Amino acid sequence: MITPQMKIDPDRCMKCGFCMSVCPVYHVDHIENHVARGRNVLLRMVRDNELTIEDDYRECLYSCLLCRRCDAVCPANLSPADITLEARNDVVEKKGMSWIQKIIYWGILNRRSLVARFVGLAGLIPGLSSKGGRPLHHLADMASFIPGVLSLPRMSLRPLRKRVSMVTSPPPDVKERGQVAFFPGCIFEFFLPDVGEDTVNSLAKAGFSVVFPEGLNCCGLSVHNAGDFKTSCLLASRNIEALEPYDHVITGCATCGSALKDYHKWFREGDPMAEKAREFSKKVSDFSEFLVKNGFNGGSADHCPTTVTYHDPCHLRLHQGVYLEPREILNSIEGIKYLEMDNADACCGLGGSFSIAHREVSLGIQDKKMESLKKSGAQAVVTSCPGCMLYLAHGIRRYKLPMKVMHISRLTR
Ligand code: SF4
Ligand code: SF4
């Protein structure tokens, strides 16, 4: 039997190279130290004091998207993504984080109300706010503030919390089937509130009373992926407490969903939060997963593109195993024709801060996605992750493709 400890033991790597055949990073940069097989060798060298934790080693640890493609193919049943995460945590514990990471993770993401105030103020600066309720339109117009660095989406003047009620009830002609709590995540909350509203309204239209709970924080995934497990567990604890009264927690963000469903893995054995987190994770569903499970029955999508394709977010397909449900929804909506693109499950290249720290590789991954989108001939690409939406929109603008980017909830609202 493979124990959790065995899954993160780099000594068990057989050097077969299966991970290299699926790794989007290796397919672009061809550097073996940037893929699981090479990284495992470095980890063993550090453990055996043959290598120090210096910049090159760190660079190799952070050259991974944590997409989990290698987890799925590894014949040794290793989890190279978890091995990498543990190694990042080890570096953070021994060497600390950079000042910029401290500002972002401790100063910003750890302080939700401060973020809300900052975004509110920034939204007042002309050129930074998205007026006219068309944030998706503006996504393709992202401004690059620093040359060579990922450009930022425009901020919303009113965060999602100020746009939706504490409780959104089903429309009068729809019978109520139960109550769900909505987890918005930072991008819906501050940058794409229109999409957040679509998600809430779709759930209400499906017969659910949607609660927007107080006291929610960032899901903590970017902090966790950076290796700062202490801060990510703090954020997870706050979210678990805030969502304790609810039986169902739904998110329209694939990244947040993967974090919430994984909270039970974040806490070490013996931590008093571990059991609570295990129970909590069972309550979490992705938006399309929840709709299909509850008998989504199609409907029509007026004023929408007639041909659509779907991009699988890594955090939904590979982390949560959800990929049939969004297609089921798209195939059941009257008035649209679903076109499956080649390599629909290929990464968009974002990978959180990976797209900033490894700009060239990230764009190389994006190039492949854009070729698939172009070949699909669809008028819109639909997806289930606001992060993917931002990066797909960035690529579509770069490639000048005649295509929109949409969250799946735009078609179900
Ligand atoms: S697929 Fe697994 S066993 Fe094979 S080289 Fe990669 S990490 Fe090692
Ligand atoms: S998690 Fe993804 S990016 Fe990282 S080594 Fe595995 S396949 Fe490559």
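I began with the shell around ligand 1 and sorted its residues into eleven nonpolar, two polar and two charged. In this sorting Ala, Val, Leu, Ile, Met, Phe, Trp, Tyr, Cys and Pro count as nonpolar, Asp, Glu, Lys and Arg as charged, and the others, Gly among them, as polar. The model is predicted: local features need pLDDT of at least 70, side-chain atom pairs count only at pLDDT 80 or more, and totals for chains, interfaces and linings use all residues. Residues are numbered from 1 along each chain as its sequence is written, while chains are lettered from A and ligands numbered from 1 in the order in which they are written.

**Entry: ligand 1**

I looked up which residues come nearest to ligand 1. They are C13, C16, C19, R37 and C74, out of 15 residues around the ligand. A residue counts as near a molecule or strand if its C-beta atom, placed from the backbone, lies within 6 Å of it. Helices α2 (18-22) and α4 (36-47) each give the shell at least two residues. The largest share, three residues, is from α4. Helix and strand names follow DSSP runs, numbered from the N terminus: helices are H or I with at least four residues, strands are E with at least two.

**Entry: ligand 2**

Around ligand 2 I found 16 residues, with C23, C64, C67, R69 and C70 the closest. Its shell divides into 14 nonpolar, no polar and two charged residues. At least two residues each come from α2, α3 (24-29), α6 (69-73) and α7 (80-95).

**Entry: single loop residues**

K15 sits in the loop between α1 (4-7) and α2, and its phi is near 60°, a positive value in a residue other than glycine. Is K15 buried or exposed? It is exposed, because 10 other C-beta atoms lie within 10 Å; the cut-offs are 20 or more such atoms for buried, 12 or fewer for exposed, and partly exposed in between, with C-beta atoms placed from the backbone.

H30 is in the loop between α3 and α4. Phi of H30 is also positive, near 55°. With 10 C-beta neighbours inside 10 Å, H30 counts as exposed.

P75 lies in the loop between α6 and α7. P75 has 8 other C-beta atoms within 10 Å and is therefore exposed. Leaving out residues up to four places away in sequence, P75 touches M14, C16 and F18; contact requires C-beta atoms, placed from the backbone, within 7 Å. I also looked up P75 against P326: they are 251 residues apart along the chain, and their C-alpha atoms are separated by 29 Å.

The contact between domains 1 and 2 takes six residues from domain 1 and five residues from domain 2. On the domain 1 side, those residues are four nonpolar, one polar and one charged.

**Entry: five-stranded sheet**

I traced an open sheet of five strands in the order β1-β3-β2-β4-β5, with mixed pairing. Two strands pair if DSSP finds at least two bridges between them. β1 (167-168) and β5 (284-286) are at the edges and have a single partner strand each, so one side of each lacks a neighbour in the sheet. β4 (residues 249-251) pairs with β5 in the parallel sense over three bridges. I250 has S285 of β5 as its bridge partner.

Helix α12 (residues 193-205) lies across β1, β2 (178-183), β3 (208-211) and β4, at about 150° to β3. Helix α15 (residues 254-266) lies across β2, β4 and β5, at about 155° to β5. Such angles run from 0 to 180 degrees between N-to-C directions, and axes are lines fitted to C-alpha atoms, for helices over the stretch in contact.

**Entry: four-stranded sheet**

Another open sheet has four strands in the order β9-β7-β10-β11, with parallel pairing. Its edge strands, β9 (337-338) and β11, each pair on one side only. β10 (residues 380-383) and β11 pair over four bridges, and V382 stands opposite M406 in β11.

Which residues of β11 (residues 404-407) are buried on each side? K404 and M406 are buried on one side, V405 and H407 on the other. In a regular strand the side chains alternate between the two faces of the sheet.

Helix α19 (residues 324-332) lies across β7 (307-310), β9 and β10, at about 175° to β7. Helix α22 (residues 386-399) lies across β10 and β11, at about 175° to β11.

Key:
Contact = placed C-beta atoms within 7 Å.
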